[in-house]
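Here is a short briefing for a reader new to this structure. Look at the sequence and the 3D view, then take the points by topic.

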Amino acid sequence: MLVMTGKDEDLARLGRSWRETVATVAMAGYDLVLSPAFSIWNDHSAFHNRVQLVRCDRFATVFAAAGVPTVPPAGWFRRADMYDLARAVQQNPSINLMWMDWQTVPHGRAWEDLLGEFDEFASLVPNVRFIVNGVGASRRAALWEHASVACVISSGEFVSAVKQNSGPDAGLAARERLLAFVAEPQIYSSRSR
């Protein structure tokens, strides 16, 4: 599975050469690709956040049109955007799996509020299950209480572990951490609870 996360400017750069990006990903033969999600923040304008959401949609659409097994992202900042996204998903019955990148949840957003909005969105699209990325171990159990969760990916823990390495042996240490991460099951499905 390919999880396309990164800095917004890097993902936007991929968008400028989208034909090459899509061709490369398609040739790699991934079983599943989580299409890029762009950050939305409470200090940005509603227009800026809407542009980010449109970028998400375009990436997912282009990958799917190229035959790449794509999971589109779900994200919003304003409730109006959440309702718009729900209507679009309702009109496309082929969408039964979406993903949410909670590494980019706006700062200061309360965990309970986030879960409440998630449940509201899930109730609007009852045939959709969700992959949630970036949830640490301390919050994983609470997330599993939500029936619409298909799996949780803890990539934030992985990124933090690799970033801690510095100095002359950083490459070797990062490689060891990477191998340890891959050796452990990092995707938690409802069947393995």
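Two strands pair if DSSP finds at least two bridges between them. This is a predicted model, in which local features need pLDDT of at least 70, side-chain atom pairs count only at pLDDT 80 or more, and totals for chains, interfaces and linings use all residues. Residues are numbered from 1 along each chain as its sequence is written, and side-chain values use heavy atoms, with hydrogens and water left out.

**Overall make-up**

- The chain has eight helices and seven strands. Helices (H or I, at least four residues) and strands (E, at least two) are DSSP runs, numbered from the N terminus.
- Of the 193 residues in the chain, 39% are buried. Buried means under 20% relative accessible area, exposed over 50%, and partly exposed in between (1.4 Å probe, protein chains only).
- Take the contacts between residues at least 6 apart in sequence: 67% of them join residues at least 24 apart. Contact means heavy atoms within 4.5 Å.

**Strands**

- An open sheet is formed by three strands in the order β1-β2-β3, with parallel pairing. β1 (2–3) and β3 (70–71) stand at its edges, each with a single partner strand, so one side of each has no neighbour in the sheet.
- Two bridges pair strand β2 (residues 33–34) with β3 in the parallel sense. V33 has T70 in β3 as its bridge partner.
- β5 and β6 also run parallel, joined by four bridges. Here I131 has C151 in β6 as its bridge partner.
- Five of the five residues of strand β6 (residues 149–153) are buried, so β6 is largely enclosed by the rest of the structure.

**Helix α3**

- Helix α3 (residues 46–65) has 20 residues, which at 1.5 Å a residue should span 28 Å; its end C-alpha atoms are 29 Å apart, which agrees. The expected span is 1.5 Å times one less than the number of residues.
- N49, Q52, L53, C56, F59, A60 and F63 are buried in α3. They cover an arc of only 120° around the axis, which puts them on the same side of α3. The arc is that of the directions from the helix axis to the C-beta atoms.
- Exposed residues F47, R58 and A65 sit on the face of α3 turned away from its buried side.
- Just after α3, G67 takes a positive phi of about 85°.

**Aromatic pairs**

- The whole structure holds five aromatic pairs. Rings of Phe, Tyr and Trp (its six-membered ring) pair if their centres lie within 6.5 Å; planes under 30 degrees apart count as stacked, over 60 as edge-to-face and the rest as tilted.
- F118 lies in helix α5 (residues 111–124) and F130 in strand β5 (residues 129–133), so the pair ties together parts 12 residues apart in sequence.
- Both F118 and F130 are buried.
- Ring pairs link W76, W102, F118, F121 and F130 into a cluster.

**Residue D81**

- D81 lies in helix α4 (residues 79–90). Its relative accessibility is 2%, so D81 counts as buried.
- Beyond its neighbours within four places in sequence, D81 is in contact with R50, L53 and W76.
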